[in-house]
Amino acid sequence: MRLVHEAKRFALRHHARQRRPNASDEPFALHLAEVAAAVSDEGWPEAVVAAAWLHDVVEDTGVGIDAVRSAFGRDVAAIVAGLTDPPDWAALPLPERKRHQVARVARMADEVKVVKLADQLSNVRSVVDDPPLDWDAATCLAYLEGAAAVAAACRGAAPRLGELLDRHHARGVAQYRRG
């Protein structure tokens with residue numbers, strides 16, 4: 001458990017000032033904890049749970065993948081690298097970015113897929129329950145559809161997480177289509 005504890009400390013330190021842009025202004029650390037807990041609850045090994053804590057550290061902070069490798073080893077860094085979108089994807093429209101994620105994650109190992117599935121589950125819950133303040137219903141629906149496509153590419157890694165995502169996705173689609 002030392003690896004998980006160190007990854008948690010590292011992630012919390014680097015994401016310390018980040019908040020979700022929603023009405024509750026929740027600390028981003030809650031997302032990291034939710035993703036790591038989902039992966040742990042599925043019984044994945046310590047390296048995968050550690051990577052779950054670190055899954056956004058390269059995209060959202062100044063930390064590079066080499067620093068992750070140096071601090072946590074090759075296995076954890078490989079998972080984090082598999083979860084990290086290339087920098088040029090940030091400028092893409094949401095549907096296109098999600099299509100790229102689907103194609104990429106479909107080729108990844110189950111260790112990457114389970115963290116990605118847990119990440120999408122957490123994000124879908126957030127979009128349904130407390131969406132970003134600047135997102136309208138159409139943007140929320142587009143995100144939900146993209147997340148469902150990403151999750152479909154990850155299905156075999158954690159069926160229970162896929163079922164949970166399906167339920168939240170359906171709830172969100174009904175909510176945002178209702179208007």
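Colleague: What should I know before I start?
Modeller: This is a predicted model, where local features need pLDDT of at least 70 and side-chain atom pairs count only at pLDDT 80 or more, while totals for chains, interfaces and linings use all residues. Residues are numbered from 1 along each chain as its sequence is written, and side-chain values use heavy atoms, with hydrogens and water left out.

Colleague: OK, at what angle do α5 and α6 cross?
Modeller: Roughly 150 degrees, and the axes of α5 (residues 65-72) and α6 (residues 74-83) come within 7 Å. That makes α5 roughly antiparallel to α6 (over 145 degrees counts as that).

Colleague: Which residues make the contact?
Modeller: On α5 they are I65, V68, R69 and F72, and on α6 they are R74, V76, A77, V80 and A81. Contact means heavy atoms within 4.5 Å. By class, this contact has seven nonpolar, no polar and two charged residues. Ala, Val, Leu, Ile, Met, Phe, Trp, Tyr, Cys and Pro count as nonpolar, Asp, Glu, Lys and Arg as charged, and the others, Gly among them, as polar.

Colleague: Which residues of α6 are buried?
Modeller: V76, A77, I79, V80, G82 and L83, where buried means under 20% relative accessible area, exposed over 50% and partly exposed in between (1.4 Å probe, protein chains only). What covers those buried residues of α6 includes α1, α3, α4, α5, α7 and α8.

Colleague: Back on α5, is S70 buried or exposed?
Modeller: S70, which is found in helix α5, is exposed, with a relative accessible area of 66%.

Colleague: New topic: how do α2 and α3 pack?
Modeller: Their axes are 8 Å apart, at an angle of about 160 degrees, and α2 and α3 are therefore roughly antiparallel to each other. Residues in the contact include L32, V35 and V39 of α2 and V49 and W53 of α3. By class, the contact of α2 with α3 has 10 nonpolar, one polar and no charged residues.

Colleague: And where is D25 placed?
Modeller: D25 is in the loop between α1 (2-14) and α2 (28-41). D25 has a positive phi of about 50 degrees although it is not a glycine. Most residues other than glycine have a negative phi.

Conventions: Axes fitted to C-alpha atoms, helices over the stretch in contact; angles between N-to-C directions. Helix = DSSP H or I, 4+ residues; strand = E, 2+ residues; numbered from the N terminus. Parallel < 35°, antiparallel > 145°, perpendicular 65-115°, else oblique.
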